[in-house]
Amino acid sequence: MPETTDTPAMTLTIAGSEATGGAGAQADLKTFQELGTFGMVALTCIVSFNPKDQWNHRFVPVETQVIQDQIEAIFGNYGPEVLDTVKLGMMGSPATISTVAAAIAARKPKNLVLDPVLICKGQEPGHAQDTDNALKAELLPLASFVTPNHFETEQLAGMKVETLEDLQTAAAEIHRLSGAAVLAKGGVRIAGEDAVDVFVDADGLEVLRAPKIGEHAVSGAGCSLAAAVTAELAKGATPREAARRAKEFVTAGIKQRVAGNTPFDALWQGGLRG
Ligand code: PXL
């Protein structure tokens with residue numbers, strides 16, 4: 001590889017495809033590019049919304065061998081000393097979680113950002129419970145940074161989250177359980193003027209705020225937030241700086257969201273271009 005001083009930082013997402021480009025690996029890759037990093041994807045599953053069935057998710061897992069092959073190709077090309085920052089998005093099944101956990105444990109990237117994607121419409125709740133347990137047992141212990149949404153925060157902390165105080169308590173609990181930096185996303189789901197997220201690491205807790213833009217969650221906000229954290233960490237930011245910059249990136253993207261026929265809008269990753 002030619003050595004130049006402007007070689008970009010490398011970023012990998014291990015995530016699912018969401019075909020309409022709002023969420024998933026597409027959102028991650030666009031975010032990686034927008035923030036000046038060299039993005040890569042190992043695909044775990046393919047989600048296709050169904051316009052004939054209330055936009056429910058159709059879900060197809062990628063074979064575990066094929067997931068391993070993609071990760072082998074990527075780390076064969078760039079060793080862990082070059083590619084030291086990895087994001088994990090939607091896994092979708094316990095088998096995928098075990099495959100990815102083994103592949104990551106063998107490579108030990110310096111930064112592992114876990115977006116603990118749990119709910120996907122169209123999946124059986126029983127299946128989601130298995131996925132939740134596998135995430136907690138196998139991936140959470142490997143993570144250096146975790147970005148749960150409101151529901152995932154409740155699941156991981158084992159408590160109800162209704163107020164900002166609850167979100168702070170739950171985020172601190174997830175930090176205690178995992179040792180990872182935590183960015184717990186309240187977004188529009190906590191009452192009040194602001195979309196609030198809570199960051200916690202060993203140096204303490206910080207509430208990140210931005211005025212709410214509408215009252216509806218936007219597709220891709222969670223994926224893009226975690227991907228922006230990943231890109232900033234790859235470029236050398238501290239977890240706290242990465243969280244602050246990621247919040248700015250997502251706020252700008254929500255301001256410039258795009259609307260189609262789905263009942264939710266999609267974040268545009270180009271929001272900070274101005
Ligand atoms: O936003 C969570 C998410 C992550 N990954 C994939 C998705 C979704 C939601 O639609 O489809 C692939």
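Q: Hi! Where does Lys108 sit?
A: Lys108 lies in the loop between α3 (94-107) and β5 (111-114). Helices (H or I, at least four residues) and strands (E, at least two) are DSSP runs, numbered from the N terminus. This is a predicted model, in which local features need pLDDT of at least 70, side-chain atom pairs count only at pLDDT 80 or more, and totals for chains, interfaces and linings use all residues. Residues are numbered from 1 along each chain as its sequence is written, and side-chain values use heavy atoms, with hydrogens and water left out.

Q: Thanks! And what is the phi of Lys108?
A: Phi of Lys108 is near 45°, a positive value in a residue other than glycine.

Q: OK, and Trp55: is its phi positive or negative?
A: Positive: phi of Trp55 is near 65°, and this residue is not a glycine either.

Q: Which loop holds Trp55?
A: Trp55 is in the loop between β2 (38-50) and β3 (56-61).

Q: Switching to helices, at what angle do α7 and α8 pack?
A: Helix α7 (residues 221-234) and helix α8 (residues 239-255) pack at about 140°, with axes 8 Å apart. Axes are lines fitted to C-alpha atoms, over the stretch in contact, and angles run from 0 to 180 degrees between N-to-C directions. The pair α7 and α8 is therefore oblique (under 35 degrees is roughly parallel, over 145 roughly antiparallel, 65 to 115 roughly perpendicular, the rest oblique).

Q: Left- or right-handed crossing for α7 and α8?
A: The crossing of α7 and α8 is right-handed (near helix turned clockwise from the far one by less than a right angle; anticlockwise is left-handed).

Q: Which residues make that contact?
A: From α7, Ala221, Ser224, Leu225, Ala228, Val229, Glu232 and Leu233 take part; from α8, the contact includes Pro239, Arg245, Lys247, Phe249 and Ile254. Contact means heavy atoms within 4.5 Å.

Q: What classes are they?
A: The contact of α7 with α8 has 12 nonpolar, 1 polar and 3 charged residues (Ala, Val, Leu, Ile, Met, Phe, Trp, Tyr, Cys and Pro are nonpolar; Asp, Glu, Lys and Arg charged; the others, Gly among them, polar).

Q: How does α1 pack with α7?
A: Helix α1 (residues 24-34) and α7 pack at about 40°, with their axes 8 Å apart. That makes α1 and α7 oblique to each other, and their crossing is right-handed.

Q: Who meets whom there?
A: Gly24, Ala27, Asp28, Thr31 and Phe32 of α1 meet Cys223, Ser224, Ala227, Ala228, Thr230 and Ala231 of α7. By class, the contact of α1 with α7 holds 6 nonpolar, 4 polar and 1 charged residues.
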